[in-house]
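Hello,

Here is the structure we talked about handing over. Please look through it first; my notes on what was found follow below.

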Amino acid sequence: MSDITLNPAVAAVPDAAPRSAPMAQIGLVGWLRRNLFSSWLSTAVTLALAYLLIRWAVGFVEWGIVNAIWVVPNNQTQACRDLAGAGACWAVITEKHRFILFGTYPFEQHWRPALVCVLFVGLYVISAMRRFWRWELALIWVATLTVIGVLMWGGVFGLPYVPQERWGGLPITLILATFGLAFAFPLAILVALGRRSKLPAIKVLCILYVELIRGVPLISLLFMASVMFPLFLPEGMNIDKLLRAQIAIILFAGAYLAEVVRGGLQALPRGQYEAADALGLSYWQKTGFIILPQALRLVIPPLVNTFIGFFKDTSLVLIIGIFDLLTAGKTAIIEPAWQGFGVEVYITIGAIYFVFCFAMSKYSQGLEADLNRHRRR
Amino acid sequence: MGETLELDHVASAARTDAPPAITLDRVNKWFGALHVLRDVSLQVAQGERVVVCGPSGSGKSTLIRCINRLETHQEGRIIVDDIELTDDIKALDAIRREVGMVFQSFNLFPHLTVLDNCTLAPIWVRRMPKAEAETLAMHYLERVKIPEQARKFPGQLSGGQQQRVAIARALCMKPKIMLFDEPTSALDPEMIKEVLDTMIGLAADGMTMICVTHEMGFARTVADRVVFMDRGEIVELGTPAEMFEHPKTDRLRLFLSQILRGH
């Protein structure tokens, strides 16, 4: 009847402890064997790559740490130049870090933009925690952004007034990115919903907006905002240059994000809309409780992709003369004494951008796993 | 079909003295050039159970989807619970509150727990306090025999359990009329019975029901009347006994022979 023969020894001891897999196949040894040394070819490639990696790492440590010069007295950069590339001249960062971070903001007032950066980071951290996701969060945002405005401009509470032309560095980057995405994201949701509207006027308007904005480069939009736009304003009226650039970024990011959100809306099965309709939910209830929560979860990866892209694209404002982090770094090494130390400055600026972008990336991975719990079985 | 066949017919709750729950008067509908409903007229009394059957593409799903306006009809009148279906949004909202619907593919909200699926509409459409909505939801989840799954997500449930949640979700709105659009067609055979039993229980309580289904056993047990549709029109209409024992038209005879062979 059956080909299965019982092993009497096992049958006698039905609860024999389960044996673990052979040591050579699990754990670190097993992993190494499977992935790095599975054949002669892969062993050769592993060894070659390991050699290159170690050489490069050793070289970097020698250049960046062992041979590096950290401080020079009174802009005397001869010591750095004598290294002739054998070591990094971090002295440029030591000397210029305040200028890179805060641009031409009055030196003795630097604590204000520094505090602004801390406030921004605090705002990000609080907003990232799901436990704070309720309507009070909007109040926290408004309050924090008001404090940030007061700190940057001053002119009240005994803080000296600092005109916007003198702002610069990291606060500018954070302002452009934070306001840009905070306004662009809701705008994008409305536009994405509008593109699927049954009302032809709204639909056409949203399509026109997306296609027109997407059809031009961000740089040309920034140029328009900085050069052309003032020409259309009445005599004597002037809108802050930073605000104009900010609006250009919001409109541009909004168009891109709208298409990402629309992708999520398209991916939802029609049955979800029908079930919500059949229960008698209104359009906004259906959208808010059923459609958007699901659609946005689906598009977290491309959404964060676009967010990260725009965080870095704020650096394009350098072409209209706004002093963001990158521009400040570029300007810091114009001084003859410090010319030629761009690598050190750009590595530092790159590291700052990386910290923010990598944090966004890691956070989105966690959020995705957390929000998609319901899909696990 | 087997087991439900042997059940006695559930006593009818149809009240012919009261105004009809649903009236369709020469309803016509087209999908582009395709004429999907042709002069469909039908009255459903309060408490009456109507089973709609017919070959695929005969317009039976379209018919019941017109009743809560998931599809719009182009000619004729549809009156539900004394309200005529027009473009008037207020009237539509009023009708959708009173008409529950169960879909072939369940259409539960996957990002909400079973309990939240059931309480969402009562809280936001009926403006019911949360605690009251949850008590009500647990009551109906007990009726469909899955109260222990209330905290789970729909994706963690079997097909039959999901469909029972969908029924409970619709019932939480306390509808006067329930529409079922092939509720067992997407289910594995062993789960069909648990869903049909739930629906039979509902019928015994006197709910007005229109059910599109191929489950002839269910039709015999529950239906007051059976509607046979083909190519967008009502071909034959009568009690299950009349329809199944003595079909008058060749089209129904052909359909029945195909259905029975299929099972």
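A polar contact here is a pair of N or O atoms within 3.5 Å; within protein, one must be able to donate a hydrogen and the other to accept it, and residues adjacent in sequence count only if both atoms are side-chain atoms. By that rule, 6 residue pairs are in polar contact across the interface of chain B and chain A, with both residues at pLDDT 80 or more. On the chain B side, strand E6 (99-102) and helix H4 (114-124) each supply at least two of the residues that touch chain A. Helix H4 of chain B gives the largest share, 3 residues. Sorted by class, that side has 15 nonpolar, 5 polar and 5 charged residues (nonpolar: Ala, Val, Leu, Ile, Met, Phe, Trp, Tyr, Cys and Pro; charged: Asp, Glu, Lys and Arg; polar: the others, Gly among them). Helices (H or I, at least four residues) and strands (E, at least two) are DSSP runs, numbered from the N terminus.

This is a predicted model: local features need pLDDT of at least 70, side-chain atom pairs count only at pLDDT 80 or more, and totals for chains, interfaces and linings use all residues. Residues are numbered from 1 along each chain as its sequence is written, chains are lettered from A and ligands numbered from 1 in the order in which they are written, and side-chain values use heavy atoms, with hydrogens and water left out.

As for the size of the interface, 25 residues of chain B are in contact with 20 residues of chain A (contact: heavy atoms within 4.5 Å). The buried area between the two chains is about 2000 Å², and carbon and sulfur atoms give 62% of that; buried area is the accessible area (1.4 Å probe) that two parts lose on being put together, summed over both. In chain B, the residues losing the most area to chain A are Arg96(B), Phe109(B) and His111(B), together 28% of what that side buries.

There is 1 salt bridge between the chains (a side-chain nitrogen of Lys or Arg within 4 Å of a carboxyl oxygen of Asp or Glu). Arg65(B) pairs with Glu274(A), the closest N and O atoms being 2.6 Å apart. The whole structure has 26 salt bridges over all chains.

On confidence, pLDDT is the predictor's confidence in each residue, from 0 to 100. Chain A has a mean of 84, and chain B has a mean of 88. In chain A, helix H1 (residues 8-12) is lowest, at a mean of 51, and helix H12 (residues 270-278) is highest, at 93. The complex has an ipTM of 0.89 and a pTM of 0.82 from the predictor.

Regards
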